[in-house]
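Here are my notes on the model, as numbered points. Have the structure open while you read.

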Protein chains: 2
Amino acid sequence: MNNQVTSPKETVDLSDLALRAGLADYSPVRGCMVIRPYGYAIWELIQKELDQRIKDCGHENAYFPLFIPESFLKKEAEHVEGFAPECAVVTHAGGQKLEEPLVVRPTSETIIYHMFSKWIRSWRDLPYSVNQWANVVRWEMRTRLFLRTTEFLWQEGHTAHATAEEAETEAKRMLNVYLDLMQNVLALAPYVGQKTDSERFAGADRTYSLEVLLRDGKILQAGTSHHLGQGFAEAFEIKFQNKANELELVHLTSWGVSTRLIGAIILGHQDEKGLILPPRVAPIQAIIIPIYKKEEEKDKVLNECQIILRELKEAGIRAKIDANDQITPGAKFNEWELKGVPIRVQIGPRDLDNNVVELVRRDTQTKLSGTPRQGLAARINDLLAEIQSALYERNLKWRNENTYEVNSLEELNKKMDEKGGFARVHWCGDSEHESKIKEATKATIRVRLFDEPNEEGKCIISGKPSQSRVLVGRAY
Amino acid sequence: MNNQVTSPKETVDLSDLALRAGLADYSPVRGCMVIRPYGYAIWELIQKELDQRIKDCGHENAYFPLFIPESFLKKEAEHVEGFAPECAVVTHAGGQKLEEPLVVRPTSETIIYHMFSKWIRSWRDLPYSVNQWANVVRWEMRTRLFLRTTEFLWQEGHTAHATAEEAETEAKRMLNVYLDLMQNVLALAPYVGQKTDSERFAGADRTYSLEVLLRDGKILQAGTSHHLGQGFAEAFEIKFQNKANELELVHLTSWGVSTRLIGAIILGHQDEKGLILPPRVAPIQAIIIPIYKKEEEKDKVLNECQIILRELKEAGIRAKIDANDQITPGAKFNEWELKGVPIRVQIGPRDLDNNVVELVRRDTQTKLSGTPRQGLAARINDLLAEIQSALYERNLKWRNENTYEVNSLEELNKKMDEKGGFARVHWCGDSEHESKIKEATKATIRVRLFDEPNEEGKCIISGKPSQSRVLVGRAY
């Protein structure tokens, strides 16, 4: 098993990898990427899995306008402060200057809650919810394929509740939906907890997040769920008549994940040869490579490949034959390893004679020569499940092995340089001292775990008393 | 059967219907609508059907940036002339004025073909294709829910070919995919043909379209497929090395349908009571209504409704119980008729005793009392198929009954006022005379049918000789 700890230096560059594997390309628009079919197919698989889970929670999809009147954004003070600097603004349309500029949505709380105020009347309407699959735009200074792009695709869910308790429960429920998606579909083992006040979503009471440890030792915030409280409800006057016929403000939540998840998959599982895709999000789960030297072998081998392809497809496996005769089998191996296809199926004239094939696992590079031709589809399905679970275990182990206690700033800096990962440190809870951690080490407080035990300690910056540790790391 | 010809006056107003049925709502942004869950669920069903058909043609999905540099739009002269007046323009972002304004995509030919020029190298890369599901923005002067909104959702497919013949074949193949979708899923019977030069897509050699006759006698262009020729290929330098090692320009096609299809469904099938949704795009195919007076009947009836619901769902039917006890069964009937649910299942205490239910067809209002409880799911599935086909036949008959020959401008005007529909007229082929038809009658040339027979005649405007008729009508 390839569970060995890789040092940050060994890993390949994300952009280079995403480009070479055909997931994405740079576009002529600053910070915007093109998601190519192979990358988009991963997104479609994620969407399908997540959309079903969201619907199973009773949330329905809807669609709200791309444009938000500038005045809407300003209604919630913290929100506008957080997002205004990142906004793209439409000032002209239809050949004329607009009376009020329109912001291209960086997120849709304001426009959705404006509509909520029209739709919600009574306690009978609650809980009220919508989910939206959409593109959003945030004018970031530094961009990076999949991890931080000016435009990205995401889903954003929004719910309204009669009580704070129900909103809290919902925010955590959706966080758990994301956790289930990441663990069981993306084969990642994020830490889950609460953000500090300075890292809260602009306008939220509380922000929860999922933090994934990548192969390079850096951390990625891969999804968030916010308990928004009543701030937006007040700004947009979302009131409901309660059972006592009094008007009350609703309690809101919002939650989202984006194409950043593709970045989490790439950097969470790759090795020096390229991508390693978890089977459940692999657009191609098995690549069939015909191997022959003489022209007279070709037809027989290709014919068998077609039969195998049909069998695999019938068994629900996403399979494909690479029959390109312009390149050698060796070049094909490299190409499909780069693209992270979980299983390679090789078949040559001798395999045909012996009624076997050779299987190669992408994650461990293990060769399974002489795999019986009979029952091949079932064998591959088993192997896909094994790979899925091995990748999860690998990420979990990687995370656990790289989570450690640190009790001074010097030690934190040293460990971050050496191996990255999650440092468990004591912090007094003061935002000023939180920012000093970042200044001194380039690492930030990622989350306080929900199940973090109480422990007496001293803040590594201020020396003041602290009741529990938080997770610190260098993040993308 | 409700196949009777309805006069334009009898039909309800689209916006009013879309709002009351909960499909959409007005937004605070000029010309932009909110697609509410019930409307969006129709879109998801259309997407699922069409996406599979597009993939079956070998086209893969991808995603390109929302923003297009203004200079790109200007590279193809006809294209910029057609779209510039409708563009929304981002001039500021990240708190600064942009060096080059960015246009919010009104369609993506320019940005996609810029990428094609990077990706296409050799004849081996051809045909090359991508499809994109996305939002687009066109700053229209007059907007109308679903039919013409500032922002709308659509798919746009783009293909590159080695020869004009292959591009022509592809443009027509995708037109036929849309025809199949409309006939077999949306239960609509559009006419299919070629647009005149003045109605061509800006930058295309030829535009083909599908034209649906709505219940109000007006016509809706419901989808288009363009053979773009080599104009864009030249502007964006999309060249490939042919088998003789010479550089050649590719031949392009593009094709799209949008949320306008929901408008076609609404206005193509509605009656005075509201929507009539074809079963294949109905988010709810069967609504189960419990009927009881006394409290002691309630549990028994509701319990049976739950059993029926489970049976229907197991049979693949999208079903729902309306158990709301705040409103009467009569009010529920009205509500679900307004929403166009194909089949209503009513069940009361006497039905329970007799082991039957009452079914009501939305399209014909036919009541099927005493439908045996046993085999109910199969009966409903059969009925759904019957309704699907009856709605198609009704639209086809409506179209055929309202297609007629007209030989003078006066007659055209009179017929348009009386009944709308498709007038078959002779036209000399001159754009100047084409625009006079519109000035005189508010009707436009919709298409020349592919299979339009040759017939000697005289242009109804110029009196000049014409070799065949074209279809004229008043369109949205």
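1. Start with H161(A), which sits opposite H251(A) of β13(A). Eight bridges tie β7(A) to β13(A), and the two run antiparallel. Strands here are DSSP E runs of at least two residues, helices are H or I runs of at least four, and both are numbered from the N terminus; two strands pair if DSSP finds at least two bridges between them.

2. Before going on, the ground rules: this is a predicted model, so local features need pLDDT of at least 70 and side-chain atom pairs count only at pLDDT 80 or more, while totals for chains, interfaces and linings use all residues. Residues are numbered from 1 along each chain as its sequence is written, and chains are lettered from A and ligands numbered from 1 in the order in which they are written.

3. What joins β7 (residues 151–161) of chain A to β6(A)? There are 10 bridges, and again the strands run antiparallel. Q132(A) faces E156(A) in β7(A), and A134(A) has W154(A) as its bridge partner. β7(A) is mostly covered, with eight of its 11 residues buried (20 or more other C-beta atoms within 10 Å of a residue's own; 12 or fewer is exposed, in between is partly exposed, and C-beta atoms are placed from the backbone).

4. These strands belong to an open sheet of 10 strands with mixed pairing, in the order β6-β7-β13-β10-β9-β8-β21-β24-β20-β19 of chain A. β6 (128–137) and β19 (403–405) of chain A are the edges; each has a single partner strand, so one side of each lacks a neighbour in the sheet. From one strand to the next, the twist averages 30°.

5. Which helix lies across β6, β7 and β13 (251–258) of chain A? That is α5 (residues 109–119) of chain A, running at about 155° to β6(A). Axes are lines fitted to C-alpha atoms, for helices over the stretch in contact, and angles run from 0 to 180 degrees between N-to-C directions. Contact means C-beta atoms, placed from the backbone, within 7 Å.

6. Now look at α14 (residues 431–441) of chain A, where E434(A), I437(A) and T441(A) are buried. They cover an arc of only 55° around the axis, which puts them on the same side of α14(A); the arc is that of the directions from the helix axis to the C-beta atoms. S431(A), E432(A) and E439(A), on the other side, are exposed. The cover over the buried residues includes α13 (409–418), β21 (444–449) and β24 (469–473) of chain A. Just after α14(A), K442(A) takes a positive phi of about 60°.

7. Over in chain B, α2 (residues 37–56) and α8 (residues 260–269) pack at about 110°, with axes 10 Å apart. They are therefore roughly perpendicular to each other (65 to 115 degrees; under 35 is roughly parallel, over 145 roughly antiparallel, the rest oblique). G39(B), I42(B), W43(B) and I46(B) of α2(B) make the contact with L261(B), I262(B) and I265(B) of α8(B).

8. Finally, the overall picture: chain A has 14 helices and 24 strands. Of its 476 residues, 48% count as buried. The C-alpha trace of chain A spans about 80 × 55 × 45 Å along its principal axes.

Conventions:
Contact = placed C-beta atoms within 7 Å.
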